[in-house]
Amino acid sequence: MIAILVSAAVALLVALLGTPVFIKFLIHKNYGQFVREDGPTGHFIKRGTPQMGGVVIIAATVLGVAASMLVSQRLPSVSALLALYLMAGLGLIGFLDDFTKIRKQRSLGLTPRAKLIGQGVVGVSFAVLALQFPNENSRTPASTKISFLRDTEIDLAFAGATVGVILFVIWANLLVSAWSNAVNVTDGLDGLATGVSIITFGAYVLVGIWQLNQSCQLVATAGPRCYEVRDPQDLAIVAAAVTGACVGFLWWNANPAKIFMGDTGSLALGGALAGLSILSRTELLAVMLGGLFVVIVSSVVIQVAYFKMTGKRVFKMAPLQHHFEMSGWGEVTIVIRFWLIAGLLAGLGMGIFYAEWVAS
């Protein structure tokens, strides 16, 4: 438990103290935000605000995990390294996207194809590696089973080992792409994505702690419904570091934001969420824990699909938070109410997670 607290505390302090330093650096380099001309007019005043704040979130997370391992006097597990790899890898793609916007002085960065290729390279390598490295109990970081609250009977290896690996790689990449894009479209108002991330990753800290206490690898104390997770403690440590980093960053990202996380941060956080869901065997539960991300990205899908079919719009503007902006809601009002919804959905997810264990 001390290792988890150290991870969160160090990440929080690094983000809280490091963000203003990074803001000064970005201002000195004139690395500012570019705003879409067709977006809400209230966003025009945000033009020039430093972006790429995700660099601080990633750095704070890595340092938080490193400090935790130093206190524990051990090396990070493969699961922790894979989660950090997925976070940093997608963060790098986001960084290239943000830097392209700045260099070309426009609101559009990398092409969709370039982004997709980058996400594919990181996602495929993560998925392949996650099925390797069995520990002394023959458990690998991930499994070929599709999981809700734990490994289920739905095994992608039903048609053979090779086919199972291929199907898992496809499944994992769908999750990586879905979550990174979900966080990305949520990052549209000051503090919105950061606050929702705090709630979601905070829930994953609790999931990791509970899975550690009820691990099937603790033969003497494990119950009949224990969890087949390779490294639950280290996953909790990573989740705690991300939570702490987001709390520290939110101090400067809250309205009026002094810095934006940019695609560097949104893609990194989406990658971390996808990684934690896969490695903790809670791929479908994550839909509830990160429910607001799902609601917001669904609003984009609905808007695009309905417009293509009818030529009309369901929302005044997508993603959903901009619909309420166009309806006259204040930015702070939207953010706080969306945080409340995110908290309710995450709480419901945690209730289901615990209720399943109690019922069993």
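The model is predicted: local features need pLDDT of at least 70, side-chain atom pairs count only at pLDDT 80 or more, and totals for chains, interfaces and linings use all residues. Residues are numbered from 1 along each chain as its sequence is written, and side-chain values use heavy atoms, leaving out hydrogens and water.

## Overall fold

The protein chain has twelve helices and two strands. Helices (H or I, at least four residues) and strands (E, at least two) are DSSP runs, numbered from the N terminus. Read from the N terminus, the order is α-α-α-α-β-β-α-α-α-α-α-α-α-α. The radius of gyration is 20 Å, close to the 21 Å that the globule rule gives for 360 residues, so the chain is as compact as a globular protein of that length. That radius is taken over C-alpha atoms, and the globule rule is 2.2 Å times the number of residues to the power 0.38. Along its principal axes, the C-alpha trace spans about 60 × 50 × 35 Å.

How much of the chain is buried? Of the 360 residues, 52% count as buried. Buried means under 20% relative accessible area, exposed means over 50%, and partly exposed lies in between (1.4 Å probe, protein chains only). Contacts tell us about links along the sequence. A contact means heavy atoms within 4.5 Å. Among contacts with a separation of 6 or more, 76% come from residues 24 or more positions apart.

## One disulfide

A disulfide is a covalent bond between the sulfur atoms of two cysteines. Here the term covers a pair of cysteine sulfur atoms within 2.5 Å. The structure holds one. Cysteine 216 and cysteine 226 form this link, with their sulfur atoms 1.9 Å apart. The angle about the S-S bond is 95°, and the link is right-handed. Both cysteines lie in the loop between helix H6 (192-213) and helix H7 (232-253), so the pair ties together parts that are ten residues apart in sequence. Cysteine 216 and cysteine 226 are both buried. Cysteine 246 is buried too, with a relative accessible area of 0%.

## Rings and charges

The whole structure contains eight aromatic pairs. Rings of Phe, Tyr and Trp (its six-membered ring) pair if their centres lie within 6.5 Å; planes under 30 degrees apart count as stacked, over 60 as edge-to-face and the rest as tilted. Tryptophan 210 and tryptophan 357 have ring centres 5.0 Å apart and planes at 90°, so this pair is edge-to-face. Tryptophan 210 sits in helix H6 and tryptophan 357 in helix H12 (residues 331-359), 147 residues apart. Tryptophan 210 is partly exposed, at 22% relative accessible area. Tryptophan 357 is also partly exposed, at 25%.

Phenylalanine 324 and phenylalanine 338 form another edge-to-face pair, 6.0 Å centre to centre with 85° between the planes. Phenylalanine 324 is in helix H11 (residues 320-326) and phenylalanine 338 in helix H12, 14 residues apart. Phenylalanine 338 is buried, at 4% relative accessible area. Ring pairs also join Trp210, Tyr354 and Trp357 into a cluster.

A charge sits over a ring if NZ of Lys or CZ of Arg is within 6 Å of the ring centre and within 35 degrees of the ring normal.

| Arginine | Ring below | Distance from ring centre |
|---|---|---|
| Arginine 150 | Tyrosine 227 | 4.3 Å |
| Arginine 337 | Tryptophan 329 | 4.8 Å |

## Helix H10

Helix H10 (residues 291-310) has 20 residues and should span 28 Å at 1.5 Å a residue; its end C-alpha atoms are 28 Å apart, which agrees. The expected span is 1.5 Å times one less than the number of residues. Buried residues in H10 include Gly291, Phe293 and Ile296. Just after H10, glycine 311 takes a positive phi of about 80°.

Most residues other than glycine have a negative phi, and most peptide bonds are trans.

Methionine 52 has a positive phi of about 65° although it is not a glycine. Methionine 52 is in the loop between helix H1 (2-29) and helix H2 (54-72), and counts as buried at 2% relative accessibility. Arginine 281 has a positive phi near 60°. Arginine 281 lies in the loop between H8 and helix H9 (286-289), and is buried at 4% relative accessible area.

There are cis peptide bonds as well. One joins asparagine 255 and proline 256, with omega about -5°. Proline 256 is in the loop between H7 and helix H8 (262-279). Another joins alanine 318 and proline 319, with omega about 5°. Proline 319 is in the loop between H10 and H11.
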